[in-house]
Amino acid sequence: MSARLARTADGWWAVTPAGLVQLGLPAATTAGLLADRAALSAAVEAAQAAAAATPRDAVPVESLDLLSPVTAPARVVAQAVNYRSHAIDSGFDPDTVPPAFFRKTSHSITGPAGDIIRPEGVGFLDYEVELGLVIGADLPVGTTVTEADLARYVAALVVANDVSARQVQLTKTQFYEAKSYPTFTPAGPWLTLVDAADLTRLSSLRLTLRVNGELRQDSTAADMIVGPARALTLLSRFQPMAPGDLLLTGTPGGTALKAPAKIAATIAGLLPPATRWKLFFSRQAANPRYLRDGDVITATIASPDGRLDLGTQRNTVVPKTSCPRPQRSDPEKGTRP
């Protein structure tokens, strides 16, 4: 049975029907929190019992500033084009698109209510709601992960948003830079602890993203091309993972960026690269779906029956030159290769 945790500057909290109850665990990082999963489960059960016995002692969630439940430094790895609907939007055949991964800096992680800061000179900002898998055990190179032992390696789930600077991504063919600016990975609000039974129900999770209340993305995880067990197996061919690391499992269709029509793409392919990109982005400038300053993005992941509810994050896009609200995130204290 899943349990939801929150994180603030004062530590870790259990989410209960009465409100938040502090766990009293000394862990400063997600990795430290997940180091002893048995002790964590006992602490959560104790907090839930305390909330049931004296609900007035629980703290209203709206009274606290929530931080990302995924702490830096951590490896942040993402799957590219891993939903059939997104593959079609991107001009790929979902039956033949190869599995692919890319990295993001953990410095890009921000909290579930922090501002998304648009870097100076960066246009065509896009959104991508994603289901995040939080690793709970060492995943050495060469590991084979099966559906039966997935719960050994995946300790928790989070809502994430893979914010992308499309002009950087496309003109430089550079995913790492385009997706790694500070605040480009909102995560949370909850760290939803899961067990084997929960993980068998992942395909029922519905991912939705709205911009200023307008529905942009709406799909279930059943639309994934490569599921978590196989993804971790493929990733471990070259990349180890450790407790507290984060795997983003791809985004559904509905992003602002879509592949041009085949005829237009064929004609554009005959043009010099500089001319082709100039033409492409002049057309993209008229696309109203790209994020503008002041836009409010809400992203939610939950099962229809509510048994797996990862919560809703709400982030606002602001220019770097403005004075945004304090970012509810942590500065990166290092990197993890």
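pLDDT is the predictor's confidence in each residue, on a scale from 0 to 100. The structure shown is a predicted model, and its chain has a mean pLDDT of 90, with 88% of the residues at 70 or more.

Two stretches call for care. Over residues 263-268 pLDDT stays under 50, and the model gives this stretch three contacts beyond four places in sequence. Residues 326-334 also stay under 50, but here the model has 27 contacts beyond four places in sequence. Where pLDDT is low, the coordinates of a prediction should not be read in detail.

The sheet comes next. Nine strands make up an open sheet with mixed pairing, and their order across it is β3-β2-β1-β13-β10-β9-β16-β4-β5. At its edges lie β3, residues 19-22, and β5, residues 101-104, each of which pairs on one side only. On average, neighbouring strands of this sheet are turned by 30 degrees against each other when direction is ignored. Strand β2, residues 11-16, runs antiparallel to β3 and is joined to β3 by four bridges. Within β3, Q22 is the residue that stands opposite W13.

A probe the size of a water molecule, rolled over the atoms, shows where empty space is left. Searching the whole structure gives two cavities of 30 Å³ or more, and the largest cavity holds about 60 Å³. What lines the largest cavity? Its lining consists of Q79, A80, V81, N82, V97, P98, P99, A100, F101, I225 and V226. Sorted by class, the lining of this cavity has nine nonpolar residues, two polar ones and no charged ones.

Definitions and conventions:
Residues numbered from 1 in each chain as written. Predicted model: local features only at pLDDT ≥ 70, side-chain atom pairs only at ≥ 80, totals over all residues. Heavy atoms only, no water. 1 Å grid on protein atoms, 1.4 Å probe; cavity = no way out; pocket = protein on both sides within 12 Å on 5 of 7 lines; lining within 4 Å. Points joined across faces, edges and corners; volume = space filled by probe spheres on them. Nonpolar A, V, L, I, M, F, W, Y, C, P; charged D, E, K, R; others polar. Pairing = 2+ DSSP bridges. Helix = DSSP H or I, 4+ residues; strand = E, 2+ residues; numbered from the N terminus. Axes fitted to C-alpha atoms, helices over the stretch in contact; angles between N-to-C directions. Contact = heavy atoms within 4.5 Å.
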